[in-house]
Amino acid sequence: MEKKTLLLINVLDIAPNPHNPRLVFNQDDLNDLKQSISKVGILVPITVYENTKNYPKEKYVLLDGERRWRCAKELGMNSIPANIIDEPEDVTQNILFMFNIHHFRTEWELFPTALKLEILINQLATESEKILSEFTGVNKSTIKKCKMLLWYPKKYRNILMEKTPVVSTYFFIELYPIVYRLSFEDEFLYGEKLESLIDSFINIFVKKDIIIDVKEFREIRKALAYYDNINDIKTFNNKLNEFIRNPINGVQIFILPEIENDINRKNILKYLAYLNENMKKVNPEIISDYYFKDQLEILLDNLKTLYDKID
């Protein structure tokens with residue numbers, strides 16, 4: 001990107017970028033932007049490059065500022081301020097330019113971002129979240145979520161591309177740890193069985209009377225982790241099949257005392273290890289006060305009671 005020439009160019013000489021990760025434009029947001037532009041004009045220039053290709057036919061192609069350009073067209077403006085830069089060498093560079101120019105200011109919708117990230121993954125021959133983050137400027141957490149969405153069979157992409165999806169990207173992200181783990185089990189090794197399972201979760205969720213919030217999937221994930229840890233995936237699968245057949249009782253079927261107890265046990269062990277390590281570093285003279293002493297006495301009583309009950 002060397003040119004950086006700022007010019008007023010004809011609005012009709014500009015084409016939208018065919019590789020823009022932003023595919024959905026909220027009309028209310030556009031109306032607000034139009035109102036602002038009609039009062040004060042376009043204060044931030046768009047970014048374009050001179051087009052040497054046969055397609056699109058326009059002289060310039062957008063890299064950043066499609067919302068401003070759309071508003072300028074709708075307002076009947078003849079020209080628009082634009083930074084003109086060198087044409088990207090290929091599709092990969094085109095997408096990377098857009099990521100780096102735009103993504104820092106306002107994040108794109110997650111799934112369109114994932115689709116463009118998929119192109120970069122293939123072109124750069126890497127799935128490393130660190131490398132992709134360095135190239136695009138997108139944080140590793142977002143890249144990880146994008147990769148989760150891309151993992152799903154392609155039939156679900158139409159659902160994710162809907163402007164007002166009944167099943168959001170967060171549904172698929174919360175469900176991912178469950179179906180991904182089960183995809184390694186013999187029962188779900190073949191695509192149709194796995195897709196049938198995903199479809200069942202979608203059908204249950206859209207009714208909105210069994211699972212109201214996608215966070216409820218976390219109870220299923222806890223159960224899966226518990227049974228996986230004790231090498232008893234079969235029992236989990238039985239519970240899962242029961243839930244799919246008769247979901248009326250919700251995720252309660254997965255909430256078992258032994259699971260909660262196991263989680264409590266792990267938490268207690270974690271905090272005991274933390275206490276034991278840090279108690280060695282404590283200077284009694286510095287931390288000494290009545291409240292601290294009271295808390296220690298309560299802790300001693302609880303530890304003694306628990307210790308005496310353990311065989």
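Select R181 and D228. Their side chains meet in a salt bridge at 2.9 Å, N to O; a salt bridge here is a side-chain nitrogen of Lys or Arg within 4 Å of a carboxyl oxygen of Asp or Glu. The pair links distant parts of the chain: R181 lies in helix α8 and D228 in helix α10, 47 residues apart. Helices are DSSP runs (H or I, at least four residues), numbered from the N terminus. D228 counts as partly exposed, at 28% relative accessibility. The classes are buried (under 20% relative accessible area), exposed (over 50%) and partly exposed in between, with a 1.4 Å probe and protein chains only.

Before going on, note what is loaded. This is a predicted model, in which local features need pLDDT of at least 70, side-chain atom pairs count only at pLDDT 80 or more, and totals for chains, interfaces and linings use all residues. Residues are numbered from 1 along each chain as its sequence is written, and side-chain values use heavy atoms, with hydrogens and water left out.

Next, pick R218 and E174. This salt bridge spans 2.6 Å, N to O. R218 sits in helix α10 and E174 in helix α8, 44 residues apart. R218 is partly exposed at 39% relative accessibility, whereas E174 is buried at 11%.

Move to D199 and K155. Their side chains form a salt bridge at 3.0 Å, N to O. D199 belongs to helix α9; K155 is in the loop between α6 (140-151) and α7 (157-161), 44 residues away. D199 is partly exposed at 25% relative accessibility, and K155 is partly exposed at 41%. The salt-bridge count comes to 14.

**Positive phi**

Select K208, in the loop between α9 (191-206) and α10 (217-229). Its phi is positive, about 65 degrees, although K208 is not a glycine. K208 is partly exposed, with a relative accessible area of 41%.

Then go to N231, in the loop between α10 and α11 (233-245). N231 also has a positive phi, about 55 degrees, and is not a glycine. N231 is exposed, with a relative accessible area of 70%.

**Surface patches**

Show the surface and select Y274, L275, M279, V282, F292 and L296. They make a nonpolar patch of about 490 Å². Patches use residues with over 30% relative accessible area and no salt bridge; like charges are joined within 9 Å, and nonpolar side chains (Val, Leu, Ile, Met, Phe, Trp, Tyr) within 5 Å. Areas come from the Shrake-Rupley method with a 1.4 Å probe. α12 (257-279) and α14 each supply at least two residues. The largest share, 3 residues, comes from α12. V282 lies in the loop between α12 and α13 and is partly exposed at 34%.

Now select D289, D294, E297 and D301. They gather in a patch of negative charge on the surface. D301 is in helix α14 (residues 290-309).

**Confidence**

Finally, color by pLDDT, the predictor's confidence in each residue, from 0 to 100. The chain averages 83, and 89% of the residues score at least 70.

Note on methods:
Lys, Arg positive; Asp, Glu negative; His and termini not counted. Charge placed at Lys NZ, Arg CZ, Asp CG, Glu CD.
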